[in-house]
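Let's take a walk through a protein fold together, one piece at a time. Have the picture open and follow along as we go.

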Amino acid sequence: MAGTDSYAEYVMELLEKVGPIQGRRMFGGWGFYFEGKMFAIISQGQLFLKVDDITKPEFQAAGCKPFVYEGKGRHVEMAYWTPPADASDDAYEMLPWARRAVDASRRAALKKAPKKQPREKKAPVAKKAPARKKAPAAKKAPARKKAPAAKKTARLKRS
């Protein structure tokens, strides 16, 4: 990871049990991706994992805290929560929480994916018969201009 900070490197090591992950700088923090989907972030020096309606109760029961920011005069809670304290320093303890986050990111991507709508069949349009083209008229080659003979002979006589 080019331009990493020490905490981002540490988080990469902590999350590597999940599989091949990528980390990218973003908005003053970091985003961590698995299979092209973001499942974890670092913001304000804290790791947060992706949650959804299925995994959020587990994070709440473990005493985890949501990622909240101040926006337009109100507090906005994001779908990212801290991992449990005991998982923050052990890759094996982090693994089930990171897998929950990966699963939540997959489900979120499925919700965002456009659903293919069946196309309505259009009624066939009656086609017009192509107009008949007239055969091109035979073109005559342009006539060559002949020099007036009288002037030529006049020049010859002068000499």
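Start with helix 1: its buried residues are covered by, among others, strand 1 (21-26), strand 2, strand 3, strand 4 and helix 3. Helices (H or I, at least four residues) and strands (E, at least two) are DSSP runs, numbered from the N terminus. "Buried" means under 20% relative accessible area, "exposed" means over 50%, and "partly exposed" is in between (1.4 Å probe, protein chains only). "Contact" means heavy atoms within 4.5 Å.

A word on what you're looking at: this is a predicted model, where local features need pLDDT of at least 70 and side-chain atom pairs count only at pLDDT 80 or more, while totals for chains, interfaces and linings use all residues. Residues are numbered from 1 along each chain as its sequence is written, and side-chain values use heavy atoms, with hydrogens and water left out.

Now back to helix 1. Which of its residues are buried? They are Ala 8, Val 11, Met 12, Leu 14 and Leu 15. These residues sit on the same side of helix 1, because they cover an arc of only 160° around the axis (the arc is that of the directions from the helix axis to the C-beta atoms). There's a general rule to keep in mind: an α-helix has 3.6 residues a turn, so residues three or four places apart point the same way. On the face turned away from the buried side, helix 1 carries the exposed residues Ser 6 and Glu 13.

Let's zoom out for a moment. The protein chain has four helices and six strands, and from the N terminus on they run α-β-β-β-β-α-β-β-α-α. Of the 159 residues in the chain, 29% are buried.

Next, look at strand 3 (residues 37-43). Five of its seven residues are buried, so strand 3 is largely enclosed by the rest of the structure. Two strands pair if DSSP finds at least two bridges between them. Strand 2 (residues 29-34) runs antiparallel to strand 3, and five bridges join them; for instance, Phe 32 has Ala 40 as its bridge partner in strand 3. The hairpin of strand 2 and strand 3 has two residues between the strands, and Glu 35 takes a positive phi near 55° there. Strand 3 is also joined to strand 4 by four bridges, again antiparallel, and Ser 43 has Gln 46 as its bridge partner in strand 4. In the hairpin of strand 3 and strand 4, with two residues between the strands, Gln 44 takes a positive phi near 55°.

What about the inside? A nonpolar core is a set of buried Ala, Val, Leu, Ile, Met, Phe, Trp, Tyr and Cys residues joined through side-chain atoms within 4.5 Å. The largest one here has 27 residues, and Leu 15, Phe 32, Phe 39, Leu 49 and Met 94 touch the most other members. Helix 1 (6-15), strand 2, strand 3, strand 4 and helix 3 (91-112) each supply at least two residues of this core, and helix 3 gives the most, with seven.

Finally, visit Thr 55, in the loop between strand 4 (46-50) and helix 2 (56-61). Is Thr 55 buried or exposed? Thr 55 is buried, with a relative accessible area of 3%. Leaving aside neighbours within four places in sequence, Thr 55 is in contact with Lys 50, Arg 100, Ala 104 and Arg 107. Gln 60, in helix 2, is partly exposed, with a relative accessible area of 44%.
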